[in-house]
Structure formats: C-alpha cells, structure tokens
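Subject: Structure handover

Hello,

The structure is below, followed by notes on what was found in it. Please keep the two together when you pass them on.

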Amino acid sequence: QVQLVESGGGLVQPGGSLRLSCGASGSIFSIYHQNWYRQAPQKSRGLVATITTGGNTNYADSVKGRFTISRDNTKNTVYLQMNSLKPEDTAVYYCNAVISSVVGGTPRNYWGQGTQVTVSS
C-alpha cells in the first residue's frame, strides 16, 4: 500500500507565504507525475501545479509566478511553495501522484488527505 501525507497548511495573511509538503510512503518502486490540486468551498477540485519525472513543471494561470512545485526524489516528497498568497487561494490542497509499487507493475493514482490553507487578515 502507498500513502501520501500532506503537511504545511495553515492560516496566513494576504501577501504571506506557506510551503506545503507531501511525502509518499509504503511500497514504492517509481513515482511518475506529481500534482497539487485544490478545492475551495462549493467549487470543484482543480489542478494547481504539476511536476513530471524529468522535472518539467506546469501551473494554473491563477498561480503562475507565485507558486513553485518541486520534488525531492530521495525523500519521495513533493513541495508547493506558495508566495504572495491571496484570499482566493483559500482552499483544501491535495497532493496526487501516479506510483508503481513493483517492477513492471501498473501505475496507480493516489491522493493525500488534504491540508487546509486559509488566507485572511
């Protein structure tokens, strides 16, 4: 089994920064794409940022220039550095990863439990 555990959420004032972390544990052979999603109240879950195995990144237009996704393959961890936070960034943030557990195994999609980010004065 594979588990993804997020941390780093909290309450921050507008203009502030937070860094989210998501560590993967369990039976892991290879981690492919890793993503951060977010879901605000009464809104659907949307993709925030993606990082590929090769380190290529992609961002939602709303966070470009403010958020940075990165990964540490030695720790099976993906990060989301969030700067210049705005009230509209308030949401539950979820990490997501495609992981294969064994050599030649079928990659599966895994989700973390979510971490609340609240931007408010």
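G46 counts as partly exposed because its relative accessibility is 26%; buried means under 20% relative accessible area, exposed over 50%, and partly exposed in between (1.4 Å probe, protein chains only). The residue sits in strand β5. Leaving aside neighbours within four places in sequence, G46 is in contact with W36, Y37 and R38, where contact means heavy atoms within 4.5 Å. G46 and Y93 are 47 residues apart in sequence, and their C-alpha atoms are 9.6 Å apart in space.

Before the rest, a note on the source. This is a predicted model, in which local features need pLDDT of at least 70, side-chain atom pairs count only at pLDDT 80 or more, and totals for chains, interfaces and linings use all residues. Residues are numbered from 1 along each chain as its sequence is written, and side-chain values use heavy atoms, with hydrogens and water left out.

Overall chain

The protein chain has 0 helices and 11 strands. Helices (H or I, at least four residues) and strands (E, at least two) are DSSP runs, numbered from the N terminus. The radius of gyration of the protein chain is 14 Å, close to the 14 Å that the globule rule gives for 121 residues, so the chain is as compact as a globular protein of that length. That radius is taken over C-alpha atoms, and the globule rule is 2.2 Å times the number of residues to the power 0.38. Along its principal axes, the C-alpha trace spans about 50 × 25 × 25 Å.

Buried residues make up 39% of the 121 residues in the protein chain. Among contacts between residues at least 6 apart in sequence, 56% join residues at least 24 apart. The protein chain exposes about 6400 Å², and carbon and sulfur atoms supply 47% of that area; accessible areas come from the Shrake-Rupley method with a 1.4 Å probe, and for residues only the protein chains shown count as cover.

The largest pocket has a volume of about 180 Å³. Of the 14 residues that line this pocket, the closest to its centre are R38, A40, K43, S44 and E88. On a 1 Å grid over the protein atoms alone, a pocket is an open set of points with protein on both sides within 12 Å along at least five of seven lines, a cavity is a set where a 1.4 Å probe fits but cannot get out, and lining residues have an atom within 4 Å of a point. Grid points are joined across faces, edges and corners, and a volume is the space filled by probe spheres set on the points.

Strand β5 (residues 46-51) gives the most to the pocket lining, with 3 residues. The lining divides into 6 nonpolar, 4 polar and 4 charged residues. Here Ala, Val, Leu, Ile, Met, Phe, Trp, Tyr, Cys and Pro count as nonpolar, Asp, Glu, Lys and Arg as charged, and the others, Gly among them, as polar.

Cavity

The structure holds 1 cavity of 30 Å³ or more. About 30 Å³ of space lies in the largest cavity. Its lining residues are L4, C22, A24, Q34, N76, V78, C95, N96, A97 and I99, which divide into 7 nonpolar, 3 polar and no charged. Strands β3 (18-26) and β9 (91-100) each supply at least two lining residues, and β9 gives the most, with 4 residues.

Single residues

N76, one of the cavity-lining residues, is found in the loop between β7 (67-72) and β8 (77-82). Phi of N76 is near 50 degrees, a positive value in a residue other than glycine. N76 counts as partly exposed at 25% relative accessibility.

Q42 has a positive phi of about 65 degrees although it is not a glycine. Q42 lies in the loop between β4 (30-39) and β5, and it counts as exposed because its relative accessibility is 88%.

R71 is in strand β7 and counts as buried at 17% relative accessibility. Leaving aside neighbours within four places in sequence, R71 is in contact with I31, Y32, Q34, I51, T52, T53, T77 and V78. The C-alpha atoms of R71 and V119, 48 residues apart along the chain, are separated by 24 Å.

T52 is found in the loop between β5 and β6 (57-59) and counts as buried at 18% relative accessibility.

Regards
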